[in-house]
Amino acid sequence: MKLKSLEIIGFKSFANKTKINFNNGLTEIVGPNGSGKSNVIEAIRWVLGEQSAKTLRGTKMPDIIFSGSSTHKAVNRAEVKLTLDNTDQYINSPYSEIIIARKLFRSGESQYSINNQECRLKDINNLFMDTGMGLGSFSIISQGNIEKIFNSKPEERRSIIETAAGVFKYKHQKHDANLK
Ligand code: ATP
Ligand code: MG
């Protein structure tokens with residue numbers, strides 16, 4: 001499973017439709033301060049279901065909608081689409097290509113979809129559960145988190161390693177089985 005492309009419209013500094021294709025190998029995003037590099041990562045976080053405006057450096061969720069600049073007027077809706085290559089069936093889905101999308105309107109109305117079918121946030125969460133890619137996993141590590149990992153106690157670090165290695169889900173299943 002790998003990221004194929006990311007499409008951003010009206011999200012943070014991206015007023016116009018912007019598409020980033022992720023080719024094989026490593027993709028690096030470079031640019032001057034304030035050019036929107038962190039916004040790209042936040043767009044990925046957001047489409048994966050991020051619910052905290054603070055994590056996205058805002059105070060309320062509509063803050064993520066493009067609010068206007070000297071050249072573009074504000075827009076009423078933010079939309080992010082993330083396309084994943086699932087030919088290896090890493091994600092438990094019959095599709096070889098998975099497109100997850102999220103929209104938010106200034107009115108507060110929001111919408112999630114998987115392969116153009118409207119869905120609930122829960123469906124998106126379920127899709128990524130145990131893949132190591134969902135929110136709460138370590139597929140996205142922000143600057144502050146690196147410091148947190150370095151400074152954490154050995155037991156806390158162990159839990160991070162277990163989550164990253166995929167051991168955690170088995171511990172979780174074992175715990176559940178013992179309760180039955
Ligand atoms: P640095 O190198 O300093 O980390 P960066 O490339 O990561 O910079 P970002 O933090 O992604 O930059 O982008 C910041 C820019 O995004 C700021 O210019 C800010 O005004 C703009 N921005 C954030 N939210 C919005 C919004 N809702 N509408 C318009 N612009 C926004
Ligand atoms: Mg940044």
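Author: Val40, Glu42, Ala43, Trp46 and Val47 of H1 are buried. The model is predicted: local features need pLDDT of at least 70, side-chain atom pairs need 80 or more, and totals for chains, interfaces and linings use all residues. Residues count from 1 along each chain as written, while chains are lettered from A and ligands numbered from 1 in written order.

Reader: What makes Val40 in H1 buried?

Author: Val40 is among the buried residues of H1. The label needs 20 or more other C-beta atoms within 10 Å; 12 or fewer is exposed, anything between is partly exposed, and C-beta atoms are placed from the backbone.

Reader: Why do the buried residues of H1 line one face of the helix?

Author: Look down the axis of H1. Its buried residues fall within an arc of 165°, so they line one face. The arc is taken over directions from the helix axis to the C-beta atoms.

Reader: What covers the buried residues of H1?

Author: E1, E2, E3 and E4 are included in the cover. H1 spans residues 37-47 and lies across those strands, E1 being 2-9. Contact here takes C-beta atoms within 7 Å. Just after H1, glycine 49 has a positive phi of about 110°.

Reader: Which elements of the sheet does H2 touch?

Author: Helix H2 (residues 121-128) packs on the sheet and touches E4, E5 and E6.

Reader: What is the strand order in the sheet?

Author: The order is E2-E1-E3-E4-E5-E6, in an open sheet of 6 strands with antiparallel pairing. E2 (18-21) and E6 have a single partner strand each, so they stand at the edges and each has one side without a neighbour in the sheet.

Reader: How do you know that E3 and E4 pair?

Author: Pairing takes at least two DSSP bridges. E3 and E4 have 9, and they run antiparallel. So E3 and E4 pair. Threonine 83 stands opposite isoleucine 99 in E4.

Reader: How many bridges join E4 and E5?

Author: E4 and E5 share 5 bridges, in the antiparallel sense. Arginine 102 has tyrosine 112 in E5 as its bridge partner. The two strands form a hairpin with 4 residues between them. In that turn, glycine 108 has a positive phi of about 105°.

Reader: Why is glutamine 89 called exposed?

Author: Glutamine 89 has 11 other C-beta atoms within 10 Å, so it falls in the exposed class. Glutamine 89 sits in the loop between E3 (77-85) and E4 (97-105). Its phi is near 60°, a positive value in a residue other than glycine.

Reader: What makes asparagine 115 partly exposed?

Author: The count for asparagine 115 is 14 other C-beta atoms within 10 Å, so it belongs to the partly exposed class. Asparagine 115 lies in the loop between E5 (110-114) and E6 (117-119). Its phi is positive, about 45°, although it is not a glycine.

Reader: Why is asparagine 23 called exposed?

Author: Asparagine 23 has 9 other C-beta atoms within 10 Å, so it counts as exposed. Its place is the loop between E2 and H1. Asparagine 23 and leucine 3 are 20 residues apart in sequence, and 8.5 Å apart in space from C-alpha to C-alpha.

Technical notes:
Contact = placed C-beta atoms within 7 Å. Axes fitted to C-alpha atoms, helices over the stretch in contact; angles between N-to-C directions.
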